[in-house]
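Visitor: I am new to this structure. Please show it to me, and then I will ask about the terms used for it.

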Amino acid sequence: MATREKIKYLVFDIESIADGELISTSRYPGEGLTPSEAIRKFQQELLARSGSDFIPHTYHLPVAVVIAKIREDLSLAEIVSLDQPLHRPHVIAKHFWTGWEAYQRPTFVTFNGRGFDLPLMELCAYRFGISVPAWFNMFERTYQQNRNRYNLAAHMDLHEVLTNFGGTWFRGGLNLAAMMLNKPGKMDVQGDMVQRLYEAGKLTEISDYCRCDVLDTYFVFLRLALLMGHIDLEHEATLTGQVKSMLEEQAEEIAAYKQYLSHWKDWTNPWE
């Protein structure tokens, strides 16, 4: 039996849609609203109440989860999109949690994932009956609990690192953090377009958009690793170059990589 490669970190991102059927039955029982109608009505209510029509994660389902598997030396092993091309929410959730276990519980790495991505995957485990006792180790000492906000061995939210755990506000988000490093950031697809893409059956496009966000997150992770003294600029440049070569090799197979490369700029080192 082949030995599974040692993976230290799982850098991931989620694209999700509002569950119109759940919204219809839980918020508007007896009104006979279609899923699409229920979503639109809920969005209108949210917009009038708070100025944003973003539906809370409690009503969402994941339709793309992309994971970059990172070795201990911070090199990228591979990028996978769970349950591609079917993108079934219950299968995505199962693969997410069983994969974390299979790789011996690597550190999750996200950008602002504590407020959305991980709570959504936890809720999926609840919804689809997936037992994850190692993650919900709530009877361990507080600092050993994987869901403890300050347990960076379990989950490193890069947004929290940049904001000193909410002490400030990182206006601009992942897009800005990536573009500071001359990486593409947001391109043709934006997060608020995912629902319409899903309704049009464009699951590959959603997954591709998610792949690009994961790449941006990985490069932000490398720069923060540099700040923490885990790597230096030379090592960061080497790792970045390795990923660029990987994207070039897979660009014909994965359209998102070709687009990502077309927006690629090398970071300008002011010390040279």
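Guide: What follows is a set of questions about terms, each answered with a value and a definition.

Visitor: What kind of model is this, and how are its residues numbered?

Guide: This is a predicted model, in which local features need pLDDT of at least 70, side-chain atom pairs count only at pLDDT 80 or more, and totals for chains, interfaces and linings use all residues. Residues are numbered from 1 along each chain as its sequence is written, and side-chain values use heavy atoms, with hydrogens and water left out.

Visitor: What makes a stretch a helix or a strand?

Guide: Both are DSSP runs numbered from the N terminus: a helix is H or I over at least four residues, and a strand is E over at least two. Helix H8, for instance, covers residues 203-227.

Visitor: How do you know that the span of H8 agrees with its number of residues?

Guide: The expected span is 1.5 Å times one less than the number of residues. For the 25 residues of H8 that gives 36 Å, and the end C-alpha atoms are 36 Å apart, so the two agree. Just after H8, Gly229 has a positive phi of about 85 degrees.

Visitor: Why is H8 called largely enclosed?

Guide: Buried means under 20% relative accessible area, exposed means over 50%, and partly exposed lies in between, with a 1.4 Å probe and protein chains only. In H8, 21 of the 25 residues are buried, so the rest of the structure largely encloses this helix.

Visitor: Why is Ile70 called buried?

Guide: Ile70 is in strand S2, residues 60-70. Its relative accessibility is 0%, so Ile70 counts as buried.

Visitor: What is Ile70 in contact with?

Guide: Contact means heavy atoms within 4.5 Å. Neighbours within four places in sequence aside, the contacts of Ile70 include Ile7, Tyr9, Leu76, Tyr218 and Phe221. Ile70 and Leu10 are 60 residues apart in sequence, while their C-alpha atoms are 6.1 Å apart.

Visitor: Is Ser81 buried or exposed?

Guide: Ser81, in strand S3 (residues 76-81), has a relative accessible area of 9% and is therefore buried. Outside four places in sequence, Ser81 is in contact with residues including His87, Ser207 and Arg211.

Visitor: Why is Met138 called partly exposed?

Guide: The relative accessible area of Met138 is 48%, so this residue is partly exposed. Met138 lies in the loop between helix H4 (117-128) and strand S5 (155-157).

Visitor: How many disulfides does a search of the whole structure find?

Guide: A disulfide is a pair of cysteine sulfur atoms within 2.5 Å. The search finds zero. For Cys124 the nearest cysteine sulfur, that of Cys210, is 13 Å away, and Cys124 is in no disulfide. For Cys210 the nearest is that of Cys212, 9.3 Å away, and Cys210 is in no disulfide.
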